[in-house]
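User: I want to learn how to read a few features in a protein model. Can you take me through them one at a time?

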Amino acid sequence: MKFNACFQSDSIIVDLTDAITKQGISIFRFDFSGNGESEGEFQYGNYRKEADDLHSVVSYLYQNKYDVTAIVGHSKGGDVVVLYASLYDDVHMVVNLSGRFYLDKGIEERLGKECIDRVHKEGYIDATDKSGKVLYRVTKDSLMERLNTDMHATSLSISKECSFFTVHGSADEVIPVQDAYEFAKHIPTHRLRVIEGADHCYTAHRKELSDAVVDFIMSNKVGDTSLAKDE
């Protein structure tokens, strides 16, 4: 099972992992390269590479005789599992937690006004925290990779054999809940659960989130299975 956009050690991931393992289902958690505890340099965008990294993990688990039932991603990780489902046909249960449908949105909030013009002019822009410390560099290539990742076309290409579940908070302050309705509109086998009052990290709604994901997995689970999960 897979998560992203936060790290595998973040409380939202830990809480959900605990709820799933109580059902007797194994979890495999990992950070993408350059994130959390994984080696490598963090790169902005990088959706396709992270989908390919996830495929490497899933393939490894299959090679070692695990039955990978589901992949789960949070926030950016939600977009990665959507992209994964459109590219590969080896996992037939996908859970998107608070993923973004319109990838051209949210960029200025993160990088500042006129950031796209600055990147095109200078070739890169440095993302900083409130103290001015550089957190990571956004290159023109990485920004364009995000802008050119079409979640509409991606959603339409997902197999009808894939059971797809989106969970989103109605009070999400990072990614509007309207994005969840767009996934529901375009993915053939989509189920949607909007949790009223929940923010982006489900701060006061962890049990509702866990119950929703566990119910979906258990209702679609067949036989003894394992879940691959990543950050």
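User: Where is lysine 65 found?

Analyst: This is a predicted model. Lysine 65 sits in the loop between helix H2 (47–63) and strand E2 (71–74).

User: Is lysine 65 buried or exposed?

Analyst: The cut-off for exposed is over 50% relative accessible area. Lysine 65 is at 76%, so it counts as exposed.

User: What about the phi of serine 75?

Analyst: Serine 75 is not a glycine, yet its phi is positive, about 60°. Serine 75 lies in the loop between E2 and helix H3 (76–87). Buried means under 20%. Serine 75 has a relative accessible area of 11%, so it is buried.

User: Which residues form the patch of negative charge on the surface?

Analyst: Glu108, Glu109, Glu114 and Asp117 gather there. Take glutamate 114 as a case. Glutamate 114 is in the loop between helix H4 (107–111) and helix H5 (115–122). Its relative accessibility is 55%, so glutamate 114 counts as exposed.

User: How many disulfides are there?

Analyst: A disulfide is a covalent bond between the sulfur atoms of two cysteines. The test is a pair of cysteine sulfur atoms within 2.5 Å. By this rule the count is 0.

User: How exposed or buried are cysteine 162 and cysteine 201?

Analyst: Cysteine 162 has 4% relative accessibility, so it counts as buried. Cysteine 201 has a relative accessible area of 31%, so it is partly exposed.

Terms used
Residues numbered from 1 in each chain as written. Predicted model: local features only at pLDDT ≥ 70, side-chain atom pairs only at ≥ 80, totals over all residues. Heavy atoms only, no water. Buried < 20%, exposed > 50% of the residue type's maximum accessible area, 1.4 Å probe, protein only. Patch = residues over 30% accessible without salt bridge, like charges linked within 9 Å, V, L, I, M, F, W, Y side chains within 5 Å. Areas by Shrake-Rupley, 256 points an atom, 1.4 Å probe, with all protein chains shown as cover. Salt bridge = Lys/Arg side-chain N within 4 Å of Asp/Glu carboxyl O. Lys, Arg positive; Asp, Glu negative; His and termini not counted. Charge placed at Lys NZ, Arg CZ, Asp CG, Glu CD. Helix = DSSP H or I, 4+ residues; strand = E, 2+ residues; numbered from the N terminus.
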